[in-house]
Amino acid sequence: MSDRRVIAVVGATGAQGSGLVRAILNDPAGGFAARALTRNVDSAKARALADLGAEVVAADVDDRASLERAFAGAWGAYCVTFFWEHFSPEKEKAQARAMAEAARVTGLQHVIWSTLEDTRRWVPLTDDRMPTLMGSYKVPHFDAKGESDRTFAELGVPTTYLLTSFYWDNLIHFGMGPKPAGDGTLAFTLPMGGAKLPGIAAADIGRCAYGIFKRGGELIGRTVGIAGEFLTGDEMAAALSKALGTAVRHNAVDPAVYRGFGFPGAEDLGNMFQFKRDFEDVFCGARDLAFSRSLNPELQTFDRWLAANAARIPRE
Ligand SMILES: NC(=O)c1ccc[n+]([C@@H]2O[C@H](COP(=O)([O-])OP(=O)(O)OC[C@H]3O[C@@H](n4cnc5c(N)ncnc54)[C@H](OP(=O)(O)O)[C@@H]3O)[C@@H](O)[C@H]2O)c1
């Protein structure tokens, strides 16, 4: 145990982190040990990770000292922020900085930063094809992550920048599943027209991250984009129809309509989907399916993810 490289996993009870913790624990000969960070070591999810063999320690990304304690003695860390808990890009940037500073102070040898594009590189604030949000952002939950790449670099943290993709699990947990259309069919709303959406099973993100750590330092300083498959809304609707046994229609509303849906984060997500539609080549081009599979040979396609998860997709 003592000669294993300890990976401190932020968000270990969540979608991305739990996939990494499980990948480490499923490979006892791999030379790594999992340290699961959580705000509540007594929660059912935290206890389940401890039962599987993870070391579970308390940490809060809003509390840098707690991160330093949790990173101490580790070899590496997986760093992720939680935009949808607070909807604040400023807070997200502060959390990223706290993790980067804690990683530097504790001398970690390899950090994976779960990031996304700073869309303002392609759509500057002066570009009115989509509204500027919160004064300084086009896609706040993307831009804050992309802007934070610099923090890791400037602090000299040996970092792999991991560009993730849309979780297909959003169809279960994030209210993005098909809804009754009123005529006995279901409608799947995706405001991207005919553009392809890179998607991934959330659990595969952690498995790909494990593949990055296993490559030693090879990917330090590199930006790596992962996805399980690139699919249009029509293709996703067809796969959903097959898996659910009910006709699912693709409801390709305009991003402006999506922005007006009124739920918290609708404008941010409307801009996000418009960015993915308008910059399809850039966004898909930054994610490499074959490379993702080389990191994680178990990488799922949408059909395979649906075969295991369709029954969990709400239809209301
Ligand atoms: N949904 C998507 O399609 C998608 C795609 C790409 C990227 N993302 C990004 O993924 C990020 C979220 O990651 P996720 O989906 O893995 O999260 P998640 O499943 O929502 O899990 C969040 C976990 O993080 C922990 N957490 C929350 N606040 C914390 C804090 N202040 N300090 C320490 N731990 C905290 C919680 O654990 P405890 O309660 O145990 O502390 C929780 O289990 C977001 O920033 C989002 O933008 C999402």
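I count two strands as paired if DSSP finds at least two bridges between them; strands (E, at least two residues) and helices (H or I, at least four) are DSSP runs, numbered from the N terminus. This is a predicted model, where local features need pLDDT of at least 70 and side-chain atom pairs 80 or more, while totals for chains, interfaces and linings use all residues. Residues are numbered from 1 along each chain as its sequence is written, and side-chain values use heavy atoms, without hydrogens and water.

Entry 1, the sheet. I looked up the strand order and got an open sheet of 7 strands, β3-β2-β1-β4-β5-β6-β11, with parallel pairing. β3 (55-58) and β11 (223-225) are at the edges with a single partner strand each, so one side of each has no neighbour in the sheet.

Entry 2, pairings. I found 5 bridges between β5 (residues 110-115) and β6 (residues 159-163), running parallel. Thr-115 has Leu-163 in β6 as its bridge partner. β1 and β2 are also parallel, over 5 bridges, and Val-6 sits opposite Ala-33 in β2.

I checked burial (buried is under 20% relative accessible area, exposed over 50%, partly exposed in between; 1.4 Å probe, protein chains only). In β2, 7 of the 7 residues are buried, so the strand is largely enclosed by the rest of the structure. Phe-32, Ala-34, Ala-36 and Thr-38 are buried on one side, and Ala-33, Arg-35 and Leu-37 on the other. In a regular strand, side chains alternate between the two faces of the sheet.
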